[in-house]
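Colleague: I want to learn how to read a few features in a structure. Let us take them one by one.

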Amino acid sequence: MKGKVLLLILLLLGGYLYLNGYIKIPDNLGPDNNPYPPDGGSNSGSFSTGEVAKGLRQTVIDMGASDAYVSLSSERTLVQFEAPAVDEALMGMAYEVAKKAYEANPAKEVRVEAYYLGEPILGLTVSNGDFDNLEFEDIRRPEFKVESDLWLFDVLVHNVTVTNDTASVILEYLADEEGFWKDYFAMAFLVLEDVPWVKEISITYLADNGSLTISTSSDDLLRLHSGEITAEELPGILHISAENAGGNSESTCAPSKEEAYRLFVQAYNNVTSLQSSGASNEEIQEAYAKYQKARACYESFLTTTTSVSSNGEIGEIKTVILDTEGAVGVKFSTGELRSSDQSLTWENIDIMLEPWCVDYPALLGHYIDLGEGSLEELSVEDIPTQGYPVDEISGEIKAGHVYVNLNSDGSLTAFELVSHEKTGDCSHRITIKYTNLGGG
């Protein structure tokens, strides 16, 4: 959760952009507000842009960004940058970044996205170099919008979950009890404004002696707002459940790891099948949201208590290029590369690039995400000694994050993404930096 000052700034900035006609909020925005659709869209190129991408990234950093990520193709230029601040200068900075991006790679579409503290904030799209008719967008995640707006109340938000049907909020209510019901309906209306597609709003209040969950349908909230529901009818639209401290209502997303894996593979295959069959973006986005949930469920079974010694020194930082059309895997201890036409086992590789039909790079391995950081700032004390997955996992790798992989020989390697190029519909080329714990 971000500080109150930041969230108020975001609200003020959003209101300024909207009222002045600069910002566009898509009418069909769904619960999976993912700015990178899994169908690849127009972001599929066939030429090498490594040096251009690196040069553009450095240009954006020189403009004041703390970090930047660049992906280029013949059809699309994508630049994501970490903004130094969220203020009135952010729009101008995004505009100047778009100008530099178009100069470096005059693609049909230039897409610039500003992040702050890892959260997507503002998007800008320029088509065919027409900077007189550009579009700004509010690209905050639905969950972050809800959390941001709820800071207007005297609450401490613990979690926000948004699906196609429900918006669920878990929080602590810090205000006086006499204003409870007034605040509940105000918060529920506010949540519905941020995620208008949901059918139900659920707010769980945490207390020392348990929790209280109050749910209301979106239809009833709208009827209440229009005055169709009287005070006498009000209790009938509320569904209330309570749980005492120590009570156990915990449920798992699947009964076993095997069933979770089956659902995970099924969801992934459904996404790729829809992509290849030319399904609509709405269908693909819905399937992708289900895939993300299935993946999270499966990964919840992949924890281990295996203790790994983190005593030792950080080794030399090395660089390696992985390509789904070439050297797809690497063994960190030796630096040996292997291609997809060779035998690939966890004895001869430690990490492998996934040939997924998505815009982002994904790796298969036994790694955990340490969050934002860099190898240059990494110390031995930062490396966990447990929590590494027993079975291989596969997922998106983000620029600006540090990952640690548990290698087949029991050693640890920290790595981070340097650059990414999408070289085909399902082909990727990435550069990663890595350092072996204990040297080497």
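Colleague: What am I looking at, and how are things counted?

Modeller: This is a predicted model, where local features need pLDDT of at least 70, side-chain atom pairs count only at pLDDT 80 or more, and totals for chains, interfaces and linings use all residues. Residues are numbered from 1 along each chain as its sequence is written, and side-chain values use heavy atoms, with hydrogens and water left out.

Colleague: With which side chain does arginine 141 meet in a salt bridge?

Modeller: The general idea is that side chains of opposite charge can pair when their charged atoms come close. The cut-off is a side-chain nitrogen of Lys or Arg within 4 Å of a carboxyl oxygen of Asp or Glu. Here arginine 141 pairs with glutamate 119, at 2.7 Å from N to O. Arginine 141 is in the loop between strand E6 (135-138) and H4, while glutamate 119 is in strand E5 (residues 119-127), so the bridge ties together parts 22 residues apart in sequence. Glutamate 119 is at 9% relative accessibility and therefore counts as buried. Helices (H or I, at least four residues) and strands (E, at least two) are DSSP runs, numbered from the N terminus.

Colleague: How many salt bridges does the structure hold?

Modeller: It holds 17. Another one joins arginine 76 and glutamate 109 (2.6 Å, N to O). Arginine 76 lies in strand E3 (residues 76-82) and glutamate 109 in strand E4 (residues 109-116), so this pair links parts 33 residues apart in sequence. Arginine 76 is buried at 9% relative accessibility, and glutamate 109 is partly exposed at 22%. Salt bridges also connect Arg111, Glu113 and Glu137 into a network.

Colleague: Which residues of the largest nonpolar core touch the most other members?

Modeller: In soluble globular proteins, nonpolar side chains tend to be buried together. Such a core is a set of buried Ala, Val, Leu, Ile, Met, Phe, Trp, Tyr and Cys residues joined through side-chain atoms within 4.5 Å. The largest one here has 30 residues, and Leu150, Val169, Ile201 and Tyr205 touch the most other members. Two or more residues each come from helix H4 (142-150), strand E7 (155-162), strand E8 (166-173), helix H5 (180-194) and strand E9 (200-207). H5 gives the largest share, nine residues. A second, separate core has 28 residues, among them Met91, Ala98, Ala114 and Phe136.

Colleague: What does tyrosine 205 contact?

Modeller: Contact means heavy atoms within 4.5 Å. Leaving aside neighbours within four places in sequence, the partners of tyrosine 205 include Leu171, Tyr173, Phe180, Tyr184 and Met187. Gly210, Ser211, Leu212 and Ile214 are also in contact with tyrosine 205.

Colleague: Is H4 mostly covered or mostly open?

Modeller: Mostly covered: nine of its nine residues are buried.

Colleague: Which cysteines does the disulfide join?

Modeller: A disulfide is a covalent bond between the sulfur atoms of two cysteines. The rule used is a pair of cysteine sulfur atoms within 2.5 Å, and the count comes to one. Cysteine 357 is joined to cysteine 426, S to S 1.7 Å. The link is right-handed, with 90 degrees about the S-S bond. Cysteine 357 lies in the loop between strand E15 (351-353) and strand E16 (362-365), and cysteine 426 in the loop between strand E20 (412-424) and E21, so the pair ties together parts 69 residues apart in sequence. Cysteine 357 is partly exposed at 23%, as is cysteine 426 at 27%.

Colleague: Where does serine 427 lie, and what does its side chain pair with?

Modeller: Serine 427 lies in strand E21 (residues 427-436). It is buried at 13% relative accessible area. Its side chain makes a polar contact with the side chain of glutamate 325 (2.7 Å). That term means N or O atoms within 3.5 Å; within protein, one must be able to donate a hydrogen and the other to accept it, and residues adjacent in sequence count only if both atoms are side-chain atoms. Not counting residues up to four places away, serine 427 touches Thr324, Glu325, Glu421 and Lys422. Glutamate 421 in turn forms a salt bridge with arginine 429, with the closest N and O atoms 3.4 Å apart.

Colleague: How many helices and strands are in the chain?

Modeller: Eight helices and 21 strands. Of its 440 residues, 48% count as buried.

Terms used: Buried < 20%, exposed > 50% of the residue type's maximum accessible area, 1.4 Å probe, protein only.
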